[in-house]
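These are my notebook entries on a structure that I am opening for the first time. I wrote down each thing I looked up, in the order in which I looked.

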Amino acid sequence: MQLYNISLRDFRNYETLSLDFSPEVNLIVGDNAQGKTNLIEAIGYLGSGKSFRAQKNAELVRLEADFCEISGKVFSQEREQSLRWLLFVGSRPRQLFCNGVKKKTGGEISGVLQTVLFCPEDLMVLKTGASPRRRLADMALCQLRPNYEAALTEYNRILEQKSRILKDRFENPSLLEILPEYNARLCQVGALLISYRARFFEGLGAAAKIYHGQFSDGKEDFSLTYHTVSTVKDPFAPLNVLQEDLQSHLESHYRAELESMQCLTGPHKDDFDVTLSGLSVKTFGSQGQVRTAAISLKLAQRELMQRESGEMPVLLLDDVLSELDAGRQDFILNQITGGQVFITCCEPGRFTKLGKKIQIEKGNVKI
């Protein structure tokens, strides 16, 4: 898998940009706030239709513009392909074109350009709350399983509607009559999410265990545990069993949800925990252990995606190397011998010989 080039129009701080890339390592250098991360963000969005920083597409449009465009040419699935996104300010829906044909959803371009992003925030993801860890898993699963993205979107839509019912029930008590229907649908879609996540975390943990073993010279035993609703005893159980487990948990929380006016339970509360030799990284891990475990997870994600598609996904390293000591830098660099890689950094120093150097200054490529 290879991104040949990218063209931007009114994306973030780029008025216009057109760049060709090396099939190996592309080193994106420049001072802070020049647009290096914006370029990484554009590459990630091109393949997934998701930003790792913005909550709304309008945030990606340059301040002076009404819309932005991201387009690029890719070699994947044994042929050359083109991708093009148009994002608008306001309520107008975004538009997606693949090979010149308009598509309805991002799921229709699954596998065309797969990326694995590693940014400074990921280094401490195991120390933060559950939300960033769920986001890490969701971003990966949406690329691996198009049906997962559809289920996640549906679950979040139903969850939002249920939340509105709980908040408005005092003004309109009749809303409670339709609450069981929403709970039933949440359990149905939630069971699907749990099933996907359980299998993903099983593979991710097994692959990360190997990487961390190499990292620590076999001195630490890496283990990943997936946590979901307590009534789910076996997340690998058939969907109908998972659905019943979720229903049971919702029923036990019915009164508490009415009183708090919040959705208290479900896969939207899922989390995972990493232990090293039996000790939780979140609670007991040193800064070095936390970063090493996070690196292992990202490399494992890349491996899972390669196994699934048969192609090496594009690796995006956004200012990560400067956050690591020399040993961890070397470990990552030794793992990127295959596939296309994009690295951003403020101080290229020892990395300038890695591959093609792209200097960014105020949203432009400096020649």
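I began with the surroundings of Ser51, and, leaving aside residues up to four places away in sequence, I found that Ser51 touches Glu41, Tyr45, Leu60 and Arg135, where contact means heavy atoms within 4.5 Å. Ser51 sits in the loop between H1 and strand S4 (67–76); helices (H or I, at least four residues) and strands (E, at least two) are DSSP runs, numbered from the N terminus. Ser51 counts as buried because its relative accessibility is 7%, buried being under 20% relative accessible area, exposed over 50% and partly exposed in between (1.4 Å probe, protein chains only).

I noted for myself that this is a predicted model, in which local features need pLDDT of at least 70 and side-chain atom pairs count only at pLDDT 80 or more, while totals for chains, interfaces and linings use all residues. Residues are numbered from 1 along each chain as its sequence is written, and side-chain values use heavy atoms, with hydrogens and water left out.

Next I looked at the side chain of Ser51, which has a polar atom 3.0 Å from the backbone nitrogen of Arg53 and a polar atom 2.8 Å from the backbone nitrogen of Ala54.

I then turned to salt bridges, each being a side-chain nitrogen of Lys or Arg within 4 Å of a carboxyl oxygen of Asp or Glu, and the count by this rule is 20. Glu41, one of the residues that Ser51 touches, forms a salt bridge with Arg12, with the closest N and O atoms 2.8 Å apart. This pair links distant parts of the chain, since Arg12 is in the loop between strand S1 (2–11) and strand S2 (14–20) and Glu41 is in helix H1 (residues 36–48), 29 residues apart. Glu41 counts as buried because its relative accessibility is 1%.

A second salt bridge joins Arg133 and Asp271, whose closest N and O atoms are 2.7 Å apart. Arg133 belongs to helix H3 (residues 130–144) and Asp271 to strand S10 (residues 271–276), so this pair ties together parts that are 138 residues apart in sequence. I checked both Arg133 and Asp271 for burial, and both are buried.

I also recorded a salt bridge between the side chains of Glu257 and Lys162 (2.8 Å, N to O), which links helix H7 (residues 254–260) with helix H4 (residues 146–168) across 95 residues. Glu257 and Lys162 are both buried.

How do H3 and H4 lie relative to each other? Their axes, lines fitted to C-alpha atoms over the stretch in contact, with angles from 0 to 180 degrees between N-to-C directions, come within 5 Å and cross at roughly 130°. H3 and H4 are therefore oblique to each other, given that angles under 35 degrees count as roughly parallel, over 145 as roughly antiparallel, 65 to 115 as roughly perpendicular and the rest as oblique. Where they meet, Asp138, Leu141, Cys142 and Leu144 come from H3, and Pro146, Tyr148, Glu149 and Leu152 from H4.

My last entry concerns an open sheet of six strands with mixed pairing, in the order S8-S12-S13-S3-S14-S15, where two strands pair if DSSP finds at least two bridges between them. Strands S8 (115–118) and S15 (364–365) stand at the edges with a single partner strand each, so one side of each has no neighbour in the sheet.

Terms used: Polar contact = N/O pair within 3.5 Å; in protein donor to acceptor, adjacent residues only side chain to side chain.
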